[in-house]
Amino acid sequence: MTEIIIQDKLLHLRNDHVSYCMYLLEGGIPAHLYFGKRLAGINPAAVLRHYELPADGSFSLQGCALDHTPHEYPAFGLGDLREGAVSVRQKDGTRSVDLRVVKVETVEGKPGLSGLPATFGSSARTLFLHMKDALIGLEATLSYTMFDDVAGVVRSVSFKNVSDSELMIERAYSLCLELPDSRYDLITLSGAWSREREMIRRPLTMGEMRVSSLKGATSLHNSNMLFLARPETTEEQGEAIGAALVYSGNFTAAVHVDSHRTSRVLLGINDVDFAWKLAPGETFQTPEAVTVYSDAGLGGMSAQFHRVCAEHLVRGKYARAPRPILLNNWEATYFGFNEEKLLKIAKTAADVGVELFVLDDGWFGHRDSDNSSLGDWYVDTKKLPQGMKHLSDQVHAMGLKFGLWFEPEMISPDSDLYRAHPDWAIHIGGREGIQQRQQLTLDLSREDVQDYVYESVARHLAEDGIDYVKWDMNRNFSNIGSALLPADRQKELPHRYMLGLYRVLEKLVSSFPEVLFESCSSGGGRFDLGMLYYMPQTWCSDNTDALCRCQIQYSTSLVFPPFAMGSHVSAVPNHQTGRMTPIETRGNVAMSGCFGYELDLNTLCTEELEAVRRQIARVKEIRQTLLYGDFHRLLSPYEGNDTAWITVSKDKNEAVFMFTRALAKSFAYPPLVRLRGLDAQKAYTVAETGESYTGAELMNLGIAVKLPWGDAASVSWTLRSN
Ligand code: DGJ
């Protein structure tokens with residue numbers, strides 16, 4: 001049960017797992033005391049003394065004592081000279097903010113955020129710190145929600161201009177978290193196209209470390225989250241703190257270690273390309289940030305994030321339902337298809353048990369390559385002469401669901417839409433637009449563009465029997481300007497774009513609750529908690545090479561559970577790496593997420609097709625465990641040649657264990673892997689080998705893995721308790 005204890009100036013949120021403590025200093029400045037394992041009580045003096053410098057008379061801090069205070073929501077420049085969380089420009093051009101708590105309020109549950117993705121749940125309590133800067137007429141409300149079942153806090157900030165002149169918010173981060181020391185490793189997920197979310201771990205050192213995006217999206221290059229682990233923290237043991245933004249646009253995630261080796265974590269909208277004009281009476285809401293704490297290693301931290309995703313973020317019919325096994329035609333045909341070819345692929349897919357056929361890019365306008373037609377969302381009758389409904393009817397007649405690819409946020413210069421509305425693209429008048437993949441981005445800050453995007457997709461969903469949408473987004477912002485925004489609001493464009501996108505998505509998912517949406521951005525370029533609120537699964541990466549996927553899925557699981565990760569078996573040689581891997585290994589790795597195929601099954605030999613048939617039958621049997629069980633990382637591909645993980649059903653009666661060895665080792669003992677998450681008391685039988693073990697044995701001694709011959713060898717075993 002979450003409690004909020006208010007004792008004079010001490011504010012203590014806690015549930016069965018964690019405590020979050022604050023203290024209102026003289027004048028109402030909220031100081032941060034503690035975030036960690038649940039406490040019975042806390043003495044603020046001890047924490048605050050930690051930040052005191054010796055008063056030996058040789059110097060005076062004068063007004064700058066705030067520079068040595070752990071703040072909840074610091075502003076730069078009035079005593080605290082470190083980087084702050086908020087900055088507001090006033091009409092005279094100065095940028096001081098001095099927010100003081102004027103009221104503390106608590107409510108049951110978790111209020112939603114208008115226009116933004118947000119966590120939800122009734123078994124929670126929320127604390128509001130209502131603050132005011134009386135001089136400039138700015139109100140800010142810091143919101144802290146603790147859910148009963150999560151070892152963490154969800155935070156956001158809302159602002160209101162209560163003055164009679166305009167204020168310009170130049171920075172409004174979602175979170176500042178002060179830590180009394182810096183004995184941590186910083187872990188971030190950074191990469192590139194086809195190498196998304198590589199796990200990077202390095203010690204915190206004095207100074208500043210930051211990952212960020214200015215690309216208009218979370219990006220392929222950095223993820224909007226960071227993790228702090230004690231140097232000795234492993235998967236299973238030790239302290240870890242994670243912070244992740246519920247947002248999909250530009251962000252910054254930074255840790256500052258000061259000269260006294262205390263640490264300040266900042267997370268929020270990147271302010272390099274952000275400002276928000278707040279007219280008198282107007283409000284501004286930051287995105288939410290989720291922070292979790294674990295004293296059971298990175299595995300314990302991920303379990304908290306997975307619970308946030310499963311219980312407090314993902315919505316709709318597919319939040320808990322089995323996800324259909326799909327076949328996507330992208331790598332099977334690229335742009336070169338017609339109805340006959342598609343139906344042939346779909347037919348074989350249906351024969352082996354696939355449940356959903358997805359038509360990817362290339363079905364609209366005259367899109368025979370990626371250089372045209374985005375925005376012209378009408379069917380290319382050269383490829384599909386009888387239209388989309390005809391195709392979907394035939395696919396449905398095979399017993400398959402039918403899915404369709406869209407890239408609705410984009411516009412090709414070679415499109416009817418662009419010829420009619422060149423000003424609908426994000427652009428700077430007079431400058432030639434910089435194209436990526438021969439396309440520009442639509443200006444989703446505009447309501448007319450939002451409505452067009454909604455209608456383009458909704459029309460097909462209403463008329464063509466679409467059961468699934470792959471929502472792609474394949475370029476970043478450049479030439480950042482909007483034809484409609486006035487000069488002093490141009491810096492609002494990146495955030496207004498996100499609000500526009502969220503408006504469209506909310507309308508679509510509520511109008512078409514039966515449709516399964518999968519988010520995609522050149523692979524996993526927008527894999528974040530914001531998109532997960534609208535779409536229950538995200539395409540992990542265009543790289544489907546099984547060995548690369550071991551890394552990508554391993555690190556993605558730091559925050560995201562298997563049900564959030566789209567993962568498919570594709571052809572060999574792999575289209576991204578040229579590597580040959582066995583069909584079994586490709587299947588074993590892919591089935592640890594939302595399973596599917598990305599190839600023409602007609603090109604497989606009989607044995608491979610039989611293997612596919614077996615894979616599909618098996619996934620159908622165990623997918624509830626695979627998707628919604630508790631996921632534990634066992635061996636890291638970042639540390640060696642082997643990857644292993646296990647997913648255990650909530651009742652611990654079924655588990656699926658996956659092991660993959662990248663390079664074969666000659667004359668070696670079979671690896672012995674200690675499993676996790678099982679019931680020590682139960683006996684488990686491995687379906688594939690018939691061997692039986694107790695849970696205690698599997699977790700303490702381990703299981704010896706007899707691997708097939710060759711590189712990229714793998715096993716996937718189903719363990720059932722008798
Ligand atoms: C990028 C996606 O990641 C791919 O899966 C595919 O849909 C292409 N776009 C299509 O253009």
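Biologist: Which element gives the most to the lining of the second largest cavity?
Modeller: That is α12, with 4 residues. The model is predicted, local features need pLDDT of at least 70, side-chain atom pairs count only at pLDDT 80 or more, and totals for chains, interfaces and linings use all residues. Residues are numbered from 1 along each chain as its sequence is written, and side-chain values use heavy atoms, without hydrogens or water.

Biologist: Which residues line the second largest cavity?
Modeller: They are Arg323, Ile325, Met591, Gly593, Cys594, Phe595, Val619, Arg623, Leu626 and Leu627. Two or more of them come from each of β30 (594-598) and α12 (606-628). Helices (H or I, at least four residues) and strands (E, at least two) are DSSP runs, numbered from the N terminus.

Biologist: What is the volume of the second largest cavity?
Modeller: About 50 Å³. A cavity is a set of points on a 1 Å grid over the protein atoms alone where a 1.4 Å probe fits but cannot get out, and lining residues have an atom within 4 Å of a point. The volume is the space filled by probe spheres set on the points, which are joined across faces, edges and corners.

Biologist: And how many cavities of 30 Å³ or more are there?
Modeller: The count is 6. The largest cavity holds about 170 Å³ of space. It is lined by 14 residues, and His71, Tyr73, Pro74, Ala75 and Asp98 are the closest to its centre.

Biologist: Changing topic, what are the domains?
Modeller: The domain assignment, automatic or from a database, gives domain 1 (3-312), domain 2 (317-539) and domain 3 (642-721). The C-alpha centres of domain 1 and domain 3 are 40 Å apart.

Technical notes. 1 Å grid on protein atoms, 1.4 Å probe; cavity = no way out; pocket = protein on both sides within 12 Å on 5 of 7 lines; lining within 4 Å.
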